[in-house]
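Please read the points below beside the sequence and the structure.

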Amino acid sequence: MSSVIASSVEEHHPGPQTQERGQRAVFCGLTSIIWLHRRIQDAFFLVVGSRTCAHLIQSAAGVMIFAEPRFATAILSERDLAGMADCHEELDRVVGELISRRGGINRLFLVGSCPSEVIKLDLETAAAKLQVKHENRVRISAFSGSGIETTFTQGEDQCLKSTVAELPSLASGEQNLIVLGTVSDIVEDQFRRLFDDLGIGNVSFYPGRKAGDLPAVGKGTRVIAAQPFVGETARALIDRGADLISAPFPLGAEGSKSWFEAVASVYDVPQERVQQILELPYQRAKRALAPHRAKLEGKRVHFLPDSQLEIPMARFLSEECGLEVSEIGTPFHDQLVMQGELARLAKDVSIVEGQDLDPALARVRESRPDLTVCGMGIANALESEGLRTKWSIELVFSPVQGFDQAGDLAALFAKPLVRQDILEVGSWS
Amino acid sequence: MELTLWTYEGPPHVGAIRVAASMRDVHLMLHSPQGDTYADLLFTMIERDGKRPPVTYTTFQARDLGSSTAEMVLHSLREAAERFKPQVLMVADSCTAELIQDQPGALALGANLPVPVISLEMAAYTRKENWGAAETFYQLVRGLLSRQAPPPGSERPSRAADVRPSVNLLGPTKLGFRCRDDVVEIERLLTSMGVDVNVVAPLGASPRDLQLIPKADANVNLCPEVSDLTCSWLARTFGMPTITTIPMGWGATRDFITEVASVLGLNIDVDAVGESRLPWYSRSIDSTYLTGKRVFVFADGSHAVAAARVARDEMGFEVVGLGTYSRERARDVRAAAKEYGLEALITDNYLEVEARVQELQPEMVLGTQMERHIAKRLGIPCAVISTPAHVQDYPARYSPQMGFEGANVLFDTWVHPLIMGLEEHLLHMFRDDFEFNDSVGPSHLGSEGEGARSTGQSAGGQPDGDKTLVWAFDAEKELKKIPFFVRGKARRNTERFAEEQGLSTIEVDTLYDAKAHFSN
């Protein structure tokens, strides 16, 4: 993989890796809309799907707090299913309605769903046609967040990938850095300050805060992933000439340090300067981690598949918080972006890709870990059996990347254990 | 294709899951793509259930389409039958599975499973959650009972003299509104009438319990959204009478007692059955301030109709709007609205509901979680009376809506968001006192009254074209002397009046002219 730079050796996880097929308890890619629409503040996400899609997003978002959210569902009815031509006209009408009502929207994503995929509704063509109609007003494109094609965080990958072709070309001789994957605004600001200190300029965060913030890409582009669920977008950027920097993800003090070091080394920033600049935030992160490490050390953690953050989180917990990892379940294991992590995992940790829910739960019950990281639908069910859990969607929604979030990240895992120690009440029965 | 921002109801298969999750010893095999398992969290997070609903999802993916989805159905059916050993296995499609037409019901019936199968048709593209729950419950009851049915036209034997009268409570489910506590309260009420509860279903029932339904003398149609269909089938097939009064509020609870007594042929003194504090609390002088408060009611059909009655007859409110998101219940709600001289709002588009609330400027909203958000935005006090509900609507404490205790709960929860009577009185007296700042909301609710003043700014919410309309300094000052909780209305009415009169400046006199004009 010549495009992967800054990795000394090609690392693969030497431990047991299995694939499981069966019932999956994961969200579909539509769920990504919940954080994507908060990140890209002038984008609107129109799911073309069923009432189930609308209900899923609303339920996964958990709260209905936004005056008029920047996502909606065009719910297919029996009438639409009867004839395809009708469907395109209907979409035309719905999009017109939407655009006339929402002034501040500069970007509209048509988002494919299971039903729209199954009836083979071509949303890309529909988007292209709608673009002509609404030229100069709003940029329209399509991607799929369907459950038959994507799990949970893969929705973001599909969304970003669908915009890669629009990225302007980087002029030859120029250099830039793309930080790939949604991070919160506060994390972006912290990272920008550190890149400035390191003398690394021309840094773009992708996706940016505005839909129009599209970084240039070309021969001089380096890409570093801030999230593990951006593999396909990374490949698309590589196809446009970019180099992917391999590193662990910026989670925890060590993860963040290695992440910045990987970038700095590609930019040939002198070692001494790198250490000098990273030392302060690194030490601060270690200090913030310490009290949580005291709670977490020696405990056993089990990951059920959910967000693709499982491998990096397992690395963070074992390397920086002293936990033993009993199993890492992950919905989808993309080796390309995971190389920097695998090398740092304990050799005997079992990685299970995919899921077969009931046997997977049976393994949790059998091994009775101190903490199980799992989806929201399962957490209370395990809690009622006396097992402590951390529901993982919070790991995607909260700012957890970078030095100054290392303590917060550890706290997310420590809290259920601390709570267990505090409570003097019987369990649910 | 319908543009939907928020939805009041989930898809019909979520209704099927609600029935399955409410019962014991049933299992649902749902043919569905990856992602539909989100439904689990409705139960484990919102209702804090300690176990996943009894559902096996096939969770097919694109690679399975066209080749192995039918295989997955069979595999999931066998696994579910083997692992969970249910008394009945229900089989349904979610929306996407309906399109690929694997006919899981037919597959299940032909698969020689060691368990009775009930096949459900969920009509995902025309129907919604409550319909799905009603249909599932009906198919289950019919499937289990049709063999017991007496020949058509046979007379139902009357109850033997030495047998205690009994009824079934039909309709309560998981994720219903306070069903858990309503069942306890109504059982208690019936017990005090000397009436036994034979079967409660779906909540807590097993398929074997369902088979006992015909043993009771009558069915209480407690949650008609779920149980209407089943009750009418039982009435047709087994000649079982249906008790239709929803015992919500003091008056309706007494009516319910009367109806139960009449259907069962009992001689009952309503006053002796039980009592509620609501009548006295409502008559006590602190409640004077509730008089004529303008309330907007929007809920599922049965809660909307019941709440409107309580609001007017038992709290002394004025019902200024009444509606439902449930088209299946539209007829009932329209009929009820007529009694209040209103036209019912029947819509599942929350933007329409919001527009109506803005237009009516009620002083209180009784609604679902959706209306709570609308009301919060508009700074109007709100109490939640119906699904869709949120985690806070599944309280730890006993908190029924039905029966005499339910009436107490209604009084408390509806009064709570408002400013207390004495407090409102003091605000009137001391509104110019610098220490008695009227920019605070109800003193017991922290910042919740926040928006109440801001509505004064653009009461209608619409950017109006009448930029020519100006408030004179004195008039604006006078407006500020009006208590903030009616200031928005006063501003709006005055502006409307001024427009109608063709005025361009609002003077102090315009304010009072408008007040006189709108007082009726």
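1. For chain B, the domain assignment gives domain 1 (12–127), domain 2 (166–273), domain 3 (278–422) and domain 4 (450–518), the bounds coming from an automatic or database domain assignment. The model is a predicted one, in which local features need pLDDT of at least 70 and side-chain atom pairs count only at pLDDT 80 or more, while totals for chains, interfaces and linings use all residues. Residues are numbered from 1 along each chain as its sequence is written, and chains are lettered from A and ligands numbered from 1 in the order in which they are written.

2. The centres of domain 1 and domain 2 of chain B, taken over C-alpha atoms, are separated by 29 Å. Across this boundary 14 residues of domain 1 of chain B are in contact with ten residues of domain 2 of chain B, two residues being in contact if their C-beta atoms, placed from the backbone, lie within 7 Å. On the domain 1 side, α1 (12–22) and α2 of chain B each supply at least two residues, and α1(B) gives the most, with four residues. Helices here are DSSP runs of H or I of at least four residues, strands are runs of E of at least two, and both are numbered from the N terminus. By class, that side of domain 1 of chain B has eight nonpolar, two polar and four charged residues, where Ala, Val, Leu, Ile, Met, Phe, Trp, Tyr, Cys and Pro count as nonpolar, Asp, Glu, Lys and Arg as charged, and the others, Gly among them, as polar.

3. Chain A is divided into domain 1 (4–9 + 167–274), domain 2 (17–24 + 290–422) and domain 3 (29–150). Between the centres of domain 2 and domain 3 of chain A, taken over C-alpha atoms, there are 32 Å. Chain A holds 17 helices and 15 strands. Its radius of gyration is 22 Å, close to the 22 Å that the globule rule gives for 429 residues, so chain A is as compact as a globular protein of that length; the radius is taken over C-alpha atoms, and the rule is 2.2 Å times the number of residues to the power 0.38. The C-alpha trace of chain A spans about 65 × 60 × 40 Å along its principal axes.

4. How many residues does each chain bring to the contact between them? Chain B brings 47 residues and chain A brings 50 residues. On the chain B side, the elements that give two or more residues are β1 (2–4), α2 (39–46), β3 (55–57), α4 (95–100) and α16 of chain B. Of these, α2(B) gives the most, with five residues. The side of chain B that touches chain A divides into 21 nonpolar, 16 polar and ten charged residues.

5. One helix pair spans the two chains: the axes of helix α15 (residues 376–383) of chain A and α2(B) come within 7 Å and cross at roughly 45 degrees. Axes are lines fitted to C-alpha atoms, for helices over the stretch in contact, and angles run from 0 to 180 degrees between N-to-C directions. The two helices are therefore oblique to each other, given that angles under 35 degrees count as roughly parallel, over 145 as roughly antiparallel, 65 to 115 as roughly perpendicular and the rest as oblique. In this pair A:M376, A:G377, A:A379, A:N380 and A:A381 meet B:D40, B:L41, B:T44 and B:M45. By class, the contact has five nonpolar, three polar and one charged residues.

6. Within chain A, α7(A) and helix α9 (residues 231–239) of chain A pack at an angle of about 15 degrees, with their axes 7 Å apart, and that makes α7(A) roughly parallel to α9(A). The contact is made by A:D157, A:L160, A:K161 and A:V164 of α7(A) and by A:G231, A:E232, A:T233, A:A236 and A:L237 of α9(A).

7. Some backbone details deserve a check. The peptide bond from A:Y206 to A:P207 is cis, with omega near 10 degrees, and A:P207 is found in the loop between β8 (203–206) and β9 (221–225) of chain A. In chain B, a cis peptide bond joins B:T387 and B:P388, with omega about 0 degrees. A:F152, a residue other than glycine, has a positive phi near 35 degrees.
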